[in-house]
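Me: I would like to learn how to read the features of a model such as this one, step by step. Could we start with the surface and then work towards the side chains?

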Amino acid sequence: MSAPDPGEAPGHSVRVADAAPSSIRWLPVLVLALGAFCAGTDNYLVAGVLAPMAADLRVSITGAGLFVTGYSLAYALAAPVVVTVLRVRSPRRLLLAATALFAVVNLLAAVAWAPWVMAVARIAAGCVAGIYVPLAAAAAAGMATADRRGRALAVILGGISIATVAGVPLGVWVAGLSSWRMAFVAVAVVALITTVGVALTVPAGEATPVVSLRQRLAPLRHPPVWLGLAVTISAMTAGLMMFTYLGPIFAEAQGVGAGHVGTLIMAHGVGAIVGLWGGSMLVDRFGARPVLLGALTLFTVNLTWQPIAAQTLATTVAFVTMWGVVGWAFLPAQQHSMIADASPEQAPMLLSLNGSALYLGAALGSAIGGAVIAIFGADRIWMFAICFGALSVALSLVRHKQFRSDDRQLSHAVADR
């Protein structure tokens, strides 16, 4: 499972009503997904170059893992504040600014000469990604009819999942040819290409009203919202606890070894693409709740297999592939669940909060995983991941029990306001 997500804009840049029946405006959606690919590659790239980065910057493996924590915390906590302070009414203008700035901060990471410089670059990148990805997903959902929103959201998230199957291994390959620094240069180049693509293809849309931070956080007063966010946080904590330290976990495993970490990352990414697209189609057909519960349950059960799977390379590849499938199938279901009964005005704010929850879970996962390695060793991370996976299932069951009545109250409250 990996991280990522929708809705920082206070309103959709393109209205669903303007789209043709059962359609999606694919070209701008694909361009927006390219930006999500940058954000996904940038976040998970550290997992692939953890060892050489740590050696070059003279920090421990767990210390280098904190660069993931810094990025994720900035995405989760700082981005909503930044976008409120900026008070930009045009989603398209903010998308352009975010992609251009993303290129700049990745170039800073590429030339980082000390840990504090890398920390600044990672925090800045997290802020920018936290602005871009939710806004891009909200815009993509606005360019699709209601029965295609699941697929539109899946395309944006697909940019992040493709980063695990192609972007991260490509970054590892680039790092192997020269250094880990060139991997960040490559991300910056793709960010610049995205900037041009957004300028040429994404419609300007209508100006949107400025939304205060208090209004953005208002949905947190309602139990179905904060319970849903708790599901996201716990599930992502379990997934990123494992993914961030994939190298240390399997480098010394009897049947794997450090030389196969890139293969495992790619296998996880392949599973992620299958799970993301399959999960989105299941959501469109059967609804979010059964897909969400099923994916979270299978994800947690699959984690229990990790110690046995690590005995051979083949079983380890099967393990990480299934982990990718069920882990990523959870994301479109959870996003759809968060906005299923929300008003059009409220949906972007809910997606924004869910995006922050995704990366808060990623931050917790990388931090807790590092602490587990330091105290118990990398071969014990799976035990803690199972606990958080089981918690996500339990919280989802509690939320779904009162889902309909509580969400109706929330919609009425927004309408009255």
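Reply: Let us start with the surface, keeping in mind that this is a predicted model. The protein exposes about 15500 Å², and carbon and sulfur atoms supply 69% of that area.

Me: What percentage of the residues is buried?

Reply: A residue is called buried when its relative accessible area is under 20%. By that criterion, buried residues make up 58% of the 417 residues in the protein.

Me: How many helices and how many strands does the protein have?

Reply: The protein has 17 helices, and the number of strands is 0.

Me: How should I read the aromatic pairs, and how many does a search of the whole structure find?

Reply: Two rings pair if their centres lie within 6.5 Å, and the angle between the planes then sets the class, with under 30 degrees counted as stacked and over 60 as edge-to-face. Searching the whole structure on this basis gives 9 aromatic pairs. In one of them, the ring centres of Y75 and Y359 are 3.5 Å apart and the planes meet at 20°, so this pair is stacked.

Me: Why is the pair of W113 and W116 classed as edge-to-face?

Reply: The ring centres of W113 and W116 are 6.1 Å apart and their planes stand at 90°, so the pair falls in the edge-to-face class.

Me: Which residues form one aromatic cluster?

Reply: One such cluster is formed by F243, F250, W305, F319 and W323.

Me: Finally, how many disulfides does a search of the whole structure find?

Reply: The test asks for a pair of cysteine sulfur atoms within 2.5 Å, and the search of the whole structure finds 0 disulfides. As for individual cysteines, C38 has a relative accessible area of 3%, so C38 is buried, whereas C387, at 53%, is exposed.

Key:
Residues are numbered from 1 along each chain as its sequence is written. This is a predicted model: local features need pLDDT of at least 70, side-chain atom pairs count only at pLDDT 80 or more; totals for chains, interfaces and linings use all residues. Side-chain values use heavy atoms; hydrogens and water are left out. Rings of Phe, Tyr and Trp (its six-membered ring) pair if their centres lie within 6.5 Å; planes under 30 degrees apart count as stacked, over 60 as edge-to-face and the rest as tilted. Helices (H or I, at least four residues) and strands (E, at least two) are DSSP runs, numbered from the N terminus. Buried means under 20% relative accessible area, exposed over 50%, partly exposed in between (1.4 Å probe, protein chains only). Accessible areas come from the Shrake-Rupley method with a 1.4 Å probe; for residues, only the protein chains shown count as cover.
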